[in-house]
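Hi,

Here is the structure I promised to pass on.

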Amino acid sequence: MIDLTFNMSNGDCEVITDDENMIMSCIRRLDTRVNTTLYDEYGSKLSNLLGLRKTDVNLEFLNQTVNECLSQDERVSDCSVNTQYTADGFKSDIKIVYMDNILEFTYDVNG
């Protein structure tokens with residue numbers, strides 16, 4: 001999979017590859033609402049969880065939802081998620097294993 005990003009310094013498109021591409025792929029999957037694309041299984045149900053009360057049970061549900069979403073990608077062999085509430089949303093610290101690489105990134109949702 002290749003992701004193109006617009007480069008603001010020179011106006012050209014850049015090709016994002018390898019680890020950066022995998023992180024972008026995960027973020028795109030999390031940002032996409034499930035059942036709103038041509039693929040029934042692609043995307044997440046995170047938008048359904050926004051506005052829920054900030055409880056430990058809902059926090060664990062957020063962790064599970066992010067984990068299940070990212071585990072749909074056949075390249076991901078393991079995924080761990082640690083989510084915390086923020087003032088206006090939540091922040092997930094994510095660690096995935098894909099093709100013997102370990103990637104860590106943060107996913108923020110405000111709203």
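Predicted model: local features only at pLDDT ≥ 70, side-chain atom pairs only at ≥ 80, totals over all residues.

The protein has 2 helices and 5 strands, and from the N terminus the order is β-β-α-α-β-β-β. The chain counts 111 residues, 35% of them buried. Among the contacts with a separation of 6 or more, 35% are between residues 24 or more positions apart. For the surface, I get an accessible area of about 7300 Å², with carbon and sulfur atoms holding 48% of that.

Now the pockets, which I guess you'll open up first. The largest one has a volume of about 190 Å³. Its lining includes Val34, Leu49 and Phe61, along with Glu41, Lys45 and Glu68. Gly43, Ser44, Gln64, Thr65, Cys69 and Gln72 also belong to that lining. Sorted by class, the largest pocket's lining comes out as 4 nonpolar, 5 polar and 3 charged residues.

The second largest pocket comes in at about 160 Å³. It has 13 lining residues, and those nearest its centre are Leu49, Leu50, Gly51, Leu52 and Tyr85. Two elements, helix H2 (56-71) and strand E4 (89-98), each supply two or more residues to this lining.

Ser25 sits in helix H1, which covers residues 18-31. Is Ser25 buried or exposed? Its relative accessibility is 8%, so Ser25 counts as buried, the cut-off being under 20%. The side chain of Ser25 has a polar contact of 3.0 Å with the side chain of Arg75. Asp73 is 48 residues away from Ser25 along the chain, yet their C-alpha atoms are 9.2 Å apart.

The other serine, Ser92, is part of strand E4. Ser92 is buried because its relative accessible area is 0%. Which side chain does the side chain of Ser92 make a polar contact with? That partner is Thr83, at 2.8 Å. Leaving out residues up to four places away in sequence, Ser92 touches Val66, Val81, Asn82 and Thr83, as well as Phe105, Thr106 and Tyr107.

Last, a spot to check if you care about backbone angles. Most residues other than glycine have a negative phi. Met99 has a positive one, near 45 degrees, and Asp100 is also positive, at about 65 degrees, although it is not a glycine. Where do they sit? Met99 is in the loop between E4 and strand E5 (101-110), and Asp100 belongs to the loop between E4 and E5 too. With a relative accessibility of 59%, Met99 counts as exposed, because the cut-off for that is over 50%. Asp100 is exposed as well, at 78%.

That's what I have for now.

Cheers

Note on methods: Residues numbered from 1 in each chain as written. Heavy atoms only, no water. Helix = DSSP H or I, 4+ residues; strand = E, 2+ residues; numbered from the N terminus. Buried < 20%, exposed > 50% of the residue type's maximum accessible area, 1.4 Å probe, protein only. Contact = heavy atoms within 4.5 Å. Areas by Shrake-Rupley, 256 points an atom, 1.4 Å probe, with all protein chains shown as cover. 1 Å grid on protein atoms, 1.4 Å probe; cavity = no way out; pocket = protein on both sides within 12 Å on 5 of 7 lines; lining within 4 Å. Points joined across faces, edges and corners; volume = space filled by probe spheres on them. Nonpolar A, V, L, I, M, F, W, Y, C, P; charged D, E, K, R; others polar. Polar contact = N/O pair within 3.5 Å; in protein donor to acceptor, adjacent residues only side chain to side chain.
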